[in-house]
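My entries follow the order in which I checked things.

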Amino acid sequence: MQRLDETEISKAILNSYHEILLARIVSDVVIVGAGPAGLVAGTYLARQGAKVTLLEKRLAPGGGIWGGGMGMNVAVVQQEAIPVLDEMHIRYTPKSEGLYVVDAIELAAGLCFSAVQAGVAVLNLVAVEDLCVHQGQVTGVVVNRTMISGALPVDPIVLSAKAVVDATGHEAVLVAALRKRCLLPSLTDGKPPVEGPLDADSGERFVVEHVQELFPGLWITGMSVSATLGGPRMGPIFGGMLLSGQRTAQQIAPTLKA
Ligand code: 48F
């Protein structure tokens, strides 16, 4: 075995990481949140040649997939989303009435692998704190290290993009940043923007049908659609998240060519 030099190991990490980060100061698309919706959106966009950066505040990307339902690591996916699983080479087993089950570990790992293989730069331990807005258009995100964000008085940096996606799930962090500045009108007929009670069928449809560019340059996808617009919760079924991510990519891709 060759003699290992600790200095060279450290250099390899520093050089490679900073090369990646420098190359991502400007992206076509920045997606915030590496749950199922963000990962799928990123993969489809990158497969079409977009330069996609996916930011995740936690150590492990995968969002709510890992725990399946009530910590039982099995994910349920409905018939309509099976083509997405096929395109990501993720296996499934048919159950009853158009429902399929997927090993939650294979789903999370498979979506992460597909994203990285497609060319998405997934940067974990990066928390998005705010948005950059120029003349009514979102132009980037304000980021810090997760361990620093909110804990220490250290300034963040900015990563710019033509399109930014809020894929932060229930938290809808980027939408909240706009709301705080009164940059968004009421989207819920004056009612507080909270998710409705659980209704799997309506909830799953809602997160797909309401994917949209909410503010110039800012899209919402996955659970952040429900959190923003007051849609129903859907419980432990994941097809809607996959299809929501796919639809987000379909909406953003043509805007990048313009
Ligand atoms: O919560 P999450 O998995 O959102 P999703 O893709 O999918 C929702 C489902 O997992 C589940 C469900 C199934 O029916 O309802 O809830 O819409 O992933 C959101 C990711 O965003 C990260 C968070 O850690 C998670 O991995 N995130 C949240 N806030 C930030 C963030 C932030 N400020 N900066 C970076 N990442």
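Predicted model: local features only at pLDDT ≥ 70, side-chain atom pairs only at ≥ 80, totals over all residues.

**Entry: helix 6 and helix 8**

At roughly how many degrees do the axes of helix 6 and helix 8 cross? I find a crossing at roughly 10 degrees, with the axes coming within 8 Å. Helix 6 spans residues 200-209, and helix 8 spans residues 239-257. Angles under 35 degrees count as roughly parallel, so helix 6 is roughly parallel to helix 8.

I then listed the residues that touch. Helix 6 brings Glu204, Val207, Val208 and Glu209. Helix 8 meets them with Gly239, Gly240, Met241, Leu243, Ser244 and Arg247. Sorted by class, this contact has four nonpolar, three polar and three charged residues.

**Entry: helix 2 and helix 8**

Next I looked at helix 8 against helix 2. Their axes come within 7 Å and cross at roughly 40 degrees. Helix 2 is therefore oblique to helix 8. I logged the crossing as right-handed.

From helix 2, I wrote down Pro36, Ala37, Val40, Ala41, Tyr44 and Leu45. They meet Met241, Leu242, Gly245, Gln246, Thr248, Ala249, Ile252, Ala253 and Leu256 in helix 8. The class count is 12 nonpolar, three polar and no charged residues. Met241 is on my list for helix 6 with helix 8, and I meet Met241 again here, in the contact with helix 2.

**Entry: helix 2 and helix 4**

Helix 2 covers residues 36-47, and helix 4 covers residues 104-118. I find their axes within 8 Å, crossing at roughly 30 degrees. That makes helix 2 roughly parallel to helix 4. The crossing is left-handed.

Helix 2 makes this contact with Pro36, Leu39, Val40, Thr43, Ala46 and Arg47. On helix 4, I noted Leu111, Cys112, Ser114, Ala115 and Ala118. By class I get eight nonpolar, two polar and one charged residues. Pro36 and Val40 take part here, and both are also in the contact of helix 2 with helix 8.

**Entry: the ligand**

Which residues come nearest to the ligand? I count 28 residues around it, and Glu56, Gly64, Met223, Gly235 and Ile237 come nearest.

I followed up with backbone atoms. A polar backbone atom of Ile237 is 2.8 Å from an oxygen atom of the ligand. Val128 places a backbone N or O atom 3.0 Å from a ligand nitrogen atom. Pro36 has a polar backbone atom 3.3 Å from an oxygen atom of the ligand.

Notes. Residues numbered from 1 in each chain as written. Heavy atoms only, no water. Axes fitted to C-alpha atoms, helices over the stretch in contact; angles between N-to-C directions. Helix = DSSP H or I, 4+ residues; strand = E, 2+ residues; numbered from the N terminus. Parallel < 35°, antiparallel > 145°, perpendicular 65-115°, else oblique. Left-handed = near helix turned anticlockwise from the far one by under 90°. Contact = heavy atoms within 4.5 Å. Nonpolar A, V, L, I, M, F, W, Y, C, P; charged D, E, K, R; others polar. Near = heavy atom within 4 Å. Polar contact = N/O pair within 3.5 Å; in protein donor to acceptor, adjacent residues only side chain to side chain.
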